[in-house]
Amino acid sequence: MYPDVHCTGDGAVCQLVAGEGEINAGLSTFALTLSPEFNLSHTYWLIAGDAGINPEVATVGSVTFAQFAVQVALQYEIDAREKPKNFSTGYIPQGSTSITQYPQYIYGTEAFELNDALRQHAIAFARTAQLNDTASAQAYRAQYTGDPSFAPALAPPSVVGCDTATSDNWFSGALLADAFANFTKLVTNGSATYCTTQQEDNAVLEALLRGQLARRTDFSRVIHMRTGSDFDRPPPGVSVAENLFYNDGGYDAAITNLYVAGIKVVEGILNGWNNTFERGVGPRNYVGDIFGSLGGTPSFGPGSIFDGAGAPVVPLDSQCTH
């Protein structure tokens with residue numbers, strides 16, 4: 001659907017529209033990483049899009065930067081009408097028999113951790129932006145008055161560090177949102193705080209991680225940014241269906257702030273290229289997937305399956321001979 005990559009005249013900054021949903025976004029991103037038209041070995045990646053947002057953590061129009069991304073729908077699913085009576089949700093970690101048991105079947109895309117030192121640079125750059133707010137966003141968030149747990153929803157847009165959940169399912173309602181928030185904490189060993197939900201980013205991150213294994217990208221140079229366009233659960237007195245179908249009052253503010261904050265991050269990296277960003281921002285935390293594919297020991301999950309050494313990297317001169 002989006003066959004072109006748009007670049008500035010000098011090629012310093014490019015934009016890819018990856019398409020919506022995990023399959024579209026993952027394949028588009030991986031195709032770019034393998035393209036001979038680009039040298040991406042020192043490229044910074046700003047993943048940017050709007051998202052659902054948790055009113056217990058932040059508000060619509062806010063700009064969020066994630067350290068953790070969790071693929072929350074990669075679970076067993078039982079229709080909620082048929083789930084065991086003692087289960088609070090019909091989603092169960094794969095290979096497990098309890099909603100509190102860590103997944104026993106691990107595919108590798110369940111969770112990613114990004115470079116927090118780089119994230120802090122991005123947050124600082126974004127906080128220099130004058131964020132936009134709209135009358136429709138203000139009216140939308142005002143509906144959340146009356147419940148103390150929704151106090152963050154009533155604030156004006158701000159820049160927040162919190163984590164993201166990937167699901168092809170566009171979900172709504174407190175029961176599903178709480179179930180996925182709990183899974184986000186479970187799969188990251190309690191480290192992540194779920195605040196945004198989107199349909200693409202674990203697939204994009206897997207493409208960029210595989211790009212590094214192919215010596216095409218640097219996963220430590222990835223920044224995750226999402227702006228809140230709608231709340232993931234309804235306000236008091238509003239049905240889940242109404243919230244899903246009709247409450248999109250934060251969309252305009254989210255789209256505007258995606259650019260307003262995002263351009264500050266891009267400009268910050270360009271302006272600081274010689275002094276800081278060309279050589280890279282060294283991470284102080286684990287960076288990579290649940291397998292330890294890039295080396296080191298994950299701060300979540302069962303530990304590195306490569307004994308901390310990382311997955312074998314394919315030599316650049318290797319060829320298939322059969």
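This is a predicted model: local features need pLDDT of at least 70, side-chain atom pairs count only at pLDDT 80 or more; totals for chains, interfaces and linings use all residues.
## Strand β5 and its neighbours

Strand β8 covers residues 111–113 and pairs with β5 in the antiparallel sense. Three bridges hold that pairing. Val 70 also has a bridge partner in β10, namely Ala 165. Here the sense is parallel: β5 and β10, residues 163–166, are joined by three bridges.

Strand β5 spans residues 68–71. Which of its residues point one way, and which the other? Phe 68 and Val 70 take one direction, while Ala 69 and Gln 71 take the other. All four are buried. In a regular strand, side chains alternate between the two faces of the sheet.

## The sheet as a whole

Strand β5 belongs to an open sheet of nine strands. The order is β9-β4-β12-β3-β11-β10-β5-β8-β13. The pairing is mixed. Strands β9 (159–161) and β13 (288–289) stand at the edges. Each has a single partner strand, so one side of each is left without a neighbour in the sheet.

Strand β12 covers residues 222–231 and pairs with β4, residues 63–65. The sense is antiparallel, over three bridges. Within this pair, Phe 65 has Met 225 of β12 as its bridge partner. On the β3 side, the pairing with β12 is parallel and counts nine bridges. Ile 47 stands opposite His 224 of β12. Gly 49 has Arg 226 of β12 as its bridge partner.

Strand β3 also pairs with β11, residues 194–198. These two run antiparallel, with two bridges between them. Ile 53 has Thr 196 of β11 as its bridge partner.

How many residues of β12 are buried? The count is 10 of its 10 residues, and the strand is described as mostly covered. Helix α7 lies across β3, β4 and β12. Its direction is about 165 degrees to β12.

## Helix α7 against helix α2

Two packed helices are described by the angle between their axes and the distance between the axes. For α2 (residues 116–126) and α7 (residues 251–271), the angle is about 120 degrees and the axes are 8 Å apart. That makes α2 oblique to α7. Angles of 65 to 115 degrees would count as roughly perpendicular. The crossing of α2 past α7 is right-handed.

From α2, the contact uses Ala 122, Phe 125 and Ala 126. From α7 come Ala 261, Lys 264, Val 265, Gly 268 and Ile 269. By class, this contact has six nonpolar residues, one polar and one charged.

## Helix α1 against helix α5

Helix α1 (residues 22–33) and helix α5 (residues 201–213) cross at roughly 25 degrees. Their axes come within 8 Å. That makes α1 roughly parallel to α5, because angles under 35 degrees count as roughly parallel. The crossing is right-handed.

Helix α1 contributes Glu 22, Ala 25, Gly 26, Thr 29, Phe 30 and Thr 33 to the contact. Helix α5 contributes Ala 203, Val 204, Ala 207, Leu 208, Arg 210 and Gly 211. The contact residues divide into six nonpolar, four polar and two charged.

Leu 40 sits in the loop between α1 and β3 (45–53). Is Leu 40 buried or exposed? Leu 40 is buried because its relative accessible area is 7%, and the cut-off for buried is under 20%.

What does Leu 40 touch, leaving out residues up to four places away in sequence? Its contacts are Leu 32, Thr 33, Trp 45, Arg 216, Thr 217 and Asp 218. Thr 33 also takes part in the contact of α1 with α5. Leu 40 and Asn 54 are 14 residues apart along the chain. Their C-alpha atoms are separated by 34 Å.

How values were computed
Residues are numbered from 1 along each chain as its sequence is written. Side-chain values use heavy atoms; hydrogens and water are left out. Axes are lines fitted to C-alpha atoms, for helices over the stretch in contact, and angles run from 0 to 180 degrees between N-to-C directions. Angles under 35 degrees count as roughly parallel, over 145 as roughly antiparallel, 65 to 115 as roughly perpendicular and the rest as oblique. A crossing is left-handed if the near helix is turned anticlockwise from the far one by less than a right angle, and right-handed if clockwise. Contact means heavy atoms within 4.5 Å. Ala, Val, Leu, Ile, Met, Phe, Trp, Tyr, Cys and Pro count as nonpolar, Asp, Glu, Lys and Arg as charged, and the others, Gly among them, as polar. Buried means under 20% relative accessible area, exposed over 50%, partly exposed in between (1.4 Å probe, protein chains only). Two strands pair if DSSP finds at least two bridges between them.
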